Amino acid sequence: MFTNPEQFANATKALFEFQLETFNTLTSKAVQGVEQVVALNLATAKTQLEDGLAAGKEISQTADPKAALSLAAAKVQPGMAGAVAYNQQLGGIIAEIREEFTRAADAHMTEAKSTLSALIYDVTKNVRPGSENAVQIVKTAIDNAFTGYEQVTKATKQAVEAVEAQIAKANALVDQNTVKPAKAAKK
């Protein structure tokens with residue numbers, strides 16, 4: 001069926017190497033994203049701990065209970081602002097990861113389709129009479145593989161969009177909770 005096995009092997013090897021490169025790129029970006037989230041979590045935890053200790057010290061030094069409550073209410077708003085900033089930074093990290101994944105997946109898809117189209121053309125142009133069914137089976141298998149790949153890519157995009165939507169909801173809740181304590185502190 002194949003007139004030039006070396007050409008087929010080279011095309012297959014190039015496709016495999018590109019898939020490996022894409023996988024390495026995605027894995028590297030995922031690890032980098034996890035590192036960014038961990039660094040963000042550590043920095044946020046450190047800041048919250050330091051702010052909490054400082055606020056506790058200030059509150060404990062007040063003699064008047066009313067002043068202590070007022071001071072405690074005033075300390076809530078900066079904490080909420082920190083939560084908003086955290087959610088925005090987390091959203092930025094996730095958006096960056098999504099963009100990188102999408103770019104790599106699109107590049108991979110384009111390259112893979114191009115390579116396989118050339119391979120199919122080379123295979124089908126010199127096919128022996130009576131081998132049409134075998135060629136059709138190969139084409140169908142490749143089409144099915146691309147369909148599966150597109151479905152996985154679509155599902156990944158939907159999962160990232162769902163995470164981004166949850167972050168947006170969390171930001172909205174934090175914003176609402178920031179406004180309420182601020183109003184209560186002013187009263």
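Accessible area here comes from the Shrake-Rupley method with a 1.4 Å probe. Keep that in mind for the surface figure. One caution before we start: this is a predicted model.

So, the surface. The protein exposes about 12500 Å². Carbon and sulfur atoms supply 61% of that area.

What about the inside? The chain has 187 residues, and 21% of them are buried. Buried, for us, is under 20% relative accessible area.

Now the fold. How many helices and strands are there in the protein? Three helices, zero strands. Start at the N terminus and read along: the elements run α-α-α.

On to empty space. Rolling a probe the size of a water molecule over the atoms shows where such space is left. In this model, the largest pocket holds about 270 Å³. Its lining has 15 residues. Which of them are closest to the centre of the pocket? Thr47, Gln48, Asp51, Pro78 and Gly79.

Where does the lining come from? Two elements give two or more residues each: α1, residues 5-61, and α2, residues 65-125. Which one gives the most? That is α1, with eight residues.

Six residues are nonpolar, seven are polar and two are charged. Gly counts as polar in this scheme, so Gly79, one of the residues closest to the pocket centre, belongs with the polar group.

Technical notes. Residues are numbered from 1 along each chain as its sequence is written. This is a predicted model: local features need pLDDT of at least 70, side-chain atom pairs count only at pLDDT 80 or more; totals for chains, interfaces and linings use all residues. Side-chain values use heavy atoms; hydrogens and water are left out. On a 1 Å grid over the protein atoms alone, a cavity is a set of points where a 1.4 Å probe fits but cannot get out, and a pocket is an open set with protein on both sides within 12 Å along at least five of seven lines; lining residues have an atom within 4 Å of a point. Grid points are joined across faces, edges and corners, and a volume is the space filled by probe spheres set on the points. Helices (H or I, at least four residues) and strands (E, at least two) are DSSP runs, numbered from the N terminus. Buried means under 20% relative accessible area, exposed over 50%, partly exposed in between (1.4 Å probe, protein chains only).
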